[in-house]
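Grab a pencil and work through these exercises with the model open beside you. Each one sets a task and then walks through a solution.

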Amino acid sequence: MTIAICDDSAIDCLLSKFLISEYFKKHRKTCDIVTYETGAKLISDFEDGAVFDIVFMDIYVGEELGIDIAGRLRNEGYDNLLIFSTITPEYAIASYSVKANGYILKPFSTERIESVLDRVLEHYVKENNRRYKKRGATRNWWTLEKLLQCLLSDITYQAVKHRSVRAVWQKLS
C-alpha cells in the first residue's frame, strides 16, 4: 500500500508518517509513505504514473487550499482514498465536493489515525471486493486483504493500463 501525505508542515508530516507507519505495523502490513510539501509536486508525480492507495491532504498547503489540490487530483483520475487533515473543521462539508473519505482534526493522535484508517480501509476492502466480483472473475479472485499479504518477490509481472495496475504472481501454496 502506498500512501501520500501532502502537508507543508514538516513536523505534521513526520508525526502523521510515524502514526500511520505504527498503524500498519500493528496490523502486520507494510506501506510506503511519500511526503509532499506542495500540491504541485504531488499532482506532478501522479501525472507521471505514481499510484497512491491513500492521500492524506492538509487543508492549508502553503498558499493553496487542499480542497483545490484534491479537486485537481480527482480531475486527473485519482479515485482512491482521500483523507483531509487540518486544524479546523471549517472545510469538512466542502471536502465532500471532492469525495473525501475522511477528515482528521489536528493535533494528530494514535486514536484519531486508527479510527479513520479502520473505517476507510474496511470500506476500501469491501468496495474492491465488489469491483472484482463485478468484473466477472469466477475463480481465484482475491480480497484486498490477501493482495496486501502477497510478497513482492511472488509477483511475476505487472501490467498498467489506464492507471490500473494488474499484478500477476506465482501461485501461493
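## Exercise 1: The overall layout

Count the helices and strands, then read off their order.

Step 1. The chain has 5 helices and 9 strands, where helices (H or I, at least four residues) and strands (E, at least two) are DSSP runs, numbered from the N terminus.

Step 2. Going along the sequence, you get β-α-β-α-β-β-β-α-β-β-α-α-β-β.

A quick word on ground rules: this is a predicted model, where local features need pLDDT of at least 70 and side-chain atom pairs count only at pLDDT 80 or more, while totals for chains, interfaces and linings use all residues. Residues are numbered from 1 along each chain as its sequence is written, and side-chain values use heavy atoms, with hydrogens and water left out.

## Exercise 2: Burial, surface and contacts

Work out what percentage of the chain is buried, and what share of its accessible surface belongs to carbon and sulfur atoms.

Step 1. Of the 173 residues, 39% are buried (under 20% relative accessible area; exposed is over 50%, partly exposed in between; 1.4 Å probe, protein chains only).

Step 2. The accessible surface is about 10600 Å², and carbon and sulfur atoms hold 52% of that (Shrake-Rupley method, 1.4 Å probe; for residues, only the protein chains shown count as cover).

Step 3. Now try contacts (heavy atoms within 4.5 Å): among those with a separation of 6 or more, 56% join residues 24 or more positions apart.

## Exercise 3: Lysine 106 and its partners

Which residues are linked with Lys106 in a network of salt bridges?

Step 1. Search the whole structure and you find 7 salt bridges (a side-chain nitrogen of Lys or Arg within 4 Å of a carboxyl oxygen of Asp or Glu).

Step 2. One of them pairs lysine 106 with aspartate 7 at 2.8 Å, N to O. Lysine 106 sits in the loop between β7 (102–105) and α4 (110–134), and aspartate 7 in the loop between β1 (2–6) and α1 (10–26), 99 residues apart.

Step 3. Lysine 106 also bridges to aspartate 12, at 2.9 Å, N to O. Aspartate 12 is in helix α1 and lysine 106 in the β7–α4 loop, so this pair ties together parts 94 residues apart in sequence.

Step 4. Check burial: lysine 106 and aspartate 7 are buried, and aspartate 12 is buried too.

Step 5. The network links Lys106 with Asp7, Asp12 and Asp58.
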